[in-house]
2 protein chains.
Amino acid sequence: MPNPTAAMLVIGDEILSGRTRDANMYHLASQLTEQGIDLKEVRVISDDRESIVHATRALSAAYTHVFTSGGIGPTHDDITADCIAAAFGVSIGVRADARAILQAHYAANGQVLNEARLRMARIPDGAQLIDNPVSKAPGFTLQNVHVMAGVPSIFQAMVASVLPSLTGGKPLLSVTYRVDRGEGDIATPLGLLAKTFPELSIGCYPFQKDGLFGANIVFRGTDETQLQKALAALQVEFPQ
Amino acid sequence: MPNPTAAMLVIGDEILSGRTRDANMYHLASQLTEQGIDLKEVRVISDDRESIVHATRALSAAYTHVFTSGGIGPTHDDITADCIAAAFGVSIGVRADARAILQAHYAANGQVLNEARLRMARIPDGAQLIDNPVSKAPGFTLQNVHVMAGVPSIFQAMVASVLPSLTGGKPLLSVTYRVDRGEGDIATPLGLLAKTFPELSIGCYPFQKDGLFGANIVFRGTDETQLQKALAALQVEFPQ
């Protein structure tokens, strides 16, 4: 059976303007690979209602899971929750259990649960909450869309909350072998290897260091035996 | 007149598997912002023919410019040039000027222009070459799609080659102001400021450091006077 698939939707003007370097894509990609869920696509879009609704519908229809990051805080530009509700045509409002979590948190910190903070208890109808051990305001799962915060420490905590509940496939394994030759010398034997091992994905990542050319060859697949066979064949071709 | 728009298409299994952390998105985003071209969307997809063709068509139709990174080397998984040609329904083959560039480069380095390396001279009909001062193998522009390498040093050199030829708009300016208060305390006054300065985009980026809450408030816009007025209003609201 093929592995479940996933897409990620990164929501945030700060990424597109180059102000902030995204850290969540890299984190989620490696977590999903470990779990045997194949990340097939990432989209980064701005804090714009129409863009979020459109992308959510397209990705939700195309993949087993969608993971979003960004836009669920208390400020005027945090519109993700409303857009996800709109994408699925469901209502959204302050939910009692989410409100209680925030109430307890702010009371413990001597802060007021004001109107702005209460926005973070707005949850689309039919969603399940995603636990946020860092700053309490929850994420949520609606159908196959998992909605999480953009702040990296909170995003990572939410990923840890939601991933164990998802059915994974076989974890993607990889082996890497360094060849100190130009990519143009490696390409032909590598193409033949790709035909010999059709179940494996074979990548060639060139580098240039101190004037020398080389490349890291990466075999990826779910079958350890196949990986080791391909590695052995490559070692015969390019002994170290 | 509104600024030209852009999308980026990152092509590479190594990003989606979490093996490599993308560096090109962050670089391109800040370069485009300086040039007054609004980056509206980024998509990361795998080295898959159908995905590349589909995304190229969709983004090319929706934005003024599309910038791609990845998949133009000599190995079997480098299929970007063929997919771009297919997306626009044009032929592709080894082109004399691209071949001459490679020939001179490999001759100077005492290397052979073998069949694999010659793949890098395959250019779709009607494209203009993009100069690659780092490793010579050129990128190309076909219609509104600029096709560049994925290796960061080469990608950056190609961006520097192609950007000066594009018409930009007003550069996006920004000012940042740090407020040492929880985001929930900032949200309401910030929402009012957003209404007072509708031409500005206002972002609130919370942080937590040594147990203290704070947020960086970023105003973005093309009018310096408006930015300074908004900053002054924020300073009155939250004096330091």
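Tutor: Let us start from one residue, keeping in mind that this is a predicted model. Once its neighbours within four places in sequence are left aside, M8(A) is in contact with M25(A), L28(A), L39(A), V42(A) and F67(A).

Student: Which residues have the most contacts inside the largest nonpolar core?

Tutor: The general idea is that nonpolar side chains tend to be buried together in soluble globular proteins. In this model the largest nonpolar core has 98 residues, and those with the most contacts inside it are M8(A) and L9(A) together with M8(B) and L9(B).

Student: How many residues of chain A are in contact with chain B, and which elements of chain A supply at least two residues of that side?

Tutor: There are 49 residues of chain A in contact with 49 residues of chain B. On the side of chain A that touches chain B, at least two residues each come from helix 1 (13-16), helix 2 (24-35), strand 2 (38-45), helix 6 (115-118), helix 8 (183-196), strand 10 (201-209) and strand 11 (212-221). Sorted by class, this side of chain A holds 20 nonpolar, 17 polar and 12 charged residues.

Student: In what sense do strand 2 of chain A and strand 2 of chain B pair?

Tutor: These two strands pair in the antiparallel sense, over 5 bridges, and R43(A) has R43(B) as its bridge partner in strand 2 of chain B.

Student: How should I read the relation between the two copies?

Tutor: In general, two copies of a chain are related by a rotation about an axis and a shift along it.

Student: Where in chain A does K136(A) lie, and is K136(A) buried or partly exposed?

Tutor: K136(A) lies in the loop between strand 6 (128-130) and strand 7 (139-142) of chain A, and has a positive phi of about 75° although it is not a glycine. With 18 other C-beta atoms within 10 Å, K136(A) is partly exposed, because a residue counts as buried at 20 or more and as exposed at 12 or fewer.

Notes:
Residues are numbered from 1 along each chain as its sequence is written. Chains are lettered from A and ligands numbered from 1 in the order in which they are written. This is a predicted model: local features need pLDDT of at least 70, side-chain atom pairs count only at pLDDT 80 or more; totals for chains, interfaces and linings use all residues. Helices (H or I, at least four residues) and strands (E, at least two) are DSSP runs, numbered from the N terminus. Two residues are in contact if their C-beta atoms, placed from the backbone, lie within 7 Å. Ala, Val, Leu, Ile, Met, Phe, Trp, Tyr, Cys and Pro count as nonpolar, Asp, Glu, Lys and Arg as charged, and the others, Gly among them, as polar. Two strands pair if DSSP finds at least two bridges between them. A nonpolar core is a set of buried Ala, Val, Leu, Ile, Met, Phe, Trp, Tyr and Cys residues joined through C-beta atoms within 7 Å.
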